[in-house]
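Here is a briefing to read beside the model. Start with the overall numbers, then go to the local details.

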Amino acid sequence: MKRLPIINLILLIGIIAYIFISNNKKAEYSKNKIVPEITTERLNIVGKDGNKYVVLSNPEKQALATINGKPINPEETERNIAGLLFFNEDGDEIGGLVYGIDSTESYQLLTFDQRKNDQIMTLRKDEYLEDGKWKKQYGLLLQDRSEKQSNVIISELNKIRNIADTVLRKKEYEKFYNNPDNLAPQRLFIGKTYSENVGLFLMDKNNKPRLKIFLDENGAPHIESFDENGEKKTIE
């Protein structure tokens, strides 16, 4: 009879140990629990300070482009692009993977932004419907941008849009687009064009074609160069 309390004590210790281990396992499982599926309209990945770094969203809830955590265009309240956007610790959008499609056109873009500016390198595909046939262009595109920040450029453009005097507004638009700091000329495209040429296409800082090395739709090779006025220099 004296052994019974000892046996009870051992059983009690065993039960307590089992409960303790089980609770630890449940806590560990809960901590590392795998969720097989999530259905949501927008997913934000943030740092400990609350700064967003990645946003995966549908078109209706997509994050706006920002610099220093503030919208680049204060007059813009919607973005309407589905995809994955990336932001840095300064609160700047720095590129992303976006796409869109409707009955007459579609596009997919993987973009890399210049600091405090917009994209300078893009892997993109564009399609549009013309006379019942889909026209396609896709490849790697490089662009030049000045050190002028995107929010400053857009602020200037918004001021021009709001000018009531049509004559003055037209003059200000011309001045704006004649300023190279506001432009983003294409400098290189490698890929397939709408005209079904596949090759390398180089442009100068004024966005004018200077060299084309490509195969046409029939597979014939071509090398074309142009002067600064757009005049063709050689054709092969």
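Helices (H or I, at least four residues) and strands (E, at least two) are DSSP runs, numbered from the N terminus. Asn80 is found in the loop between strand 4 (70-71) and strand 5 (82-87). This is a predicted model, in which local features need pLDDT of at least 70, side-chain atom pairs count only at pLDDT 80 or more, and totals for chains, interfaces and linings use all residues. Residues are numbered from 1 along each chain as its sequence is written, and side-chain values use heavy atoms, with hydrogens and water left out.

**Whole chain**

- The chain has three helices and 14 strands.
- Of its 236 residues, 28% count as buried. Buried means under 20% relative accessible area, exposed over 50%, and partly exposed in between (1.4 Å probe, protein chains only).
- The accessible surface of the chain is about 16,700 Å², and 57% of that belongs to carbon and sulfur atoms. Areas come from the Shrake-Rupley method with a 1.4 Å probe; for residues, only the protein chains shown count as cover.
- Contact means heavy atoms within 4.5 Å. Among contacts between residues at least 6 apart in sequence, 31% join residues at least 24 apart.

- Helix 3 (residues 166-177) has twelve residues. From first C-alpha to last, helix 3 reaches 16 Å, close to the 16 Å expected at 1.5 Å a residue. The expected span is 1.5 Å times one less than the number of residues.
- Asp165 caps the N-terminal end of helix 3. A side-chain oxygen of Asp165 lies 3.0 Å from the backbone nitrogen of Val167. A polar contact is a pair of N or O atoms within 3.5 Å; within protein, one must be able to donate a hydrogen and the other to accept it, and residues adjacent in sequence count only if both atoms are side-chain atoms.
- The whole structure holds five aromatic pairs. One of them is Tyr173 with Tyr177, stacked at 6.3 Å centre to centre and 20° between the planes. Rings of Phe, Tyr and Trp (its six-membered ring) pair if their centres lie within 6.5 Å; planes under 30 degrees apart count as stacked, over 60 as edge-to-face and the rest as tilted.
- Tyr173 and Tyr177 are four residues apart in helix 3, so about one helical turn separates them. Phe176 and Tyr177 also pair, edge-to-face, at 5.0 Å centre to centre and 85° between the planes.
- Ring pairs link Tyr173, Phe176 and Tyr177 into a cluster. Phe176 is buried at 6% relative accessible area. Tyr173 is partly exposed at 24%, and Tyr177 is partly exposed at 44%.

- Thr66 lies in strand 3 (residues 66-67). Its relative accessible area is 5%, so Thr66 is buried.
- A polar atom of the Thr66 side chain lies 2.7 Å from the backbone oxygen of Gly91.
- Leaving out residues up to four places away in sequence, Thr66 touches Pro71, Ile72, Phe87, Gly91, Asp92 and Glu93.
- Lys52 lies over the face of Phe87, at 4.8 Å from the ring centre. A charge sits over a ring if NZ of Lys or CZ of Arg is within 6 Å of the ring centre and within 35 degrees of the ring normal.

**Positive phi in loops**

- Asn80 has phi near 55°, a positive value in a residue other than glycine. Asn80 is partly exposed, at 46% relative accessibility.
- Glu196 is found in the loop between strand 10 (186-192) and strand 11 (198-203). Phi of Glu196 is near 70°, a positive value in a residue other than glycine. Glu196 is partly exposed, at 31%.
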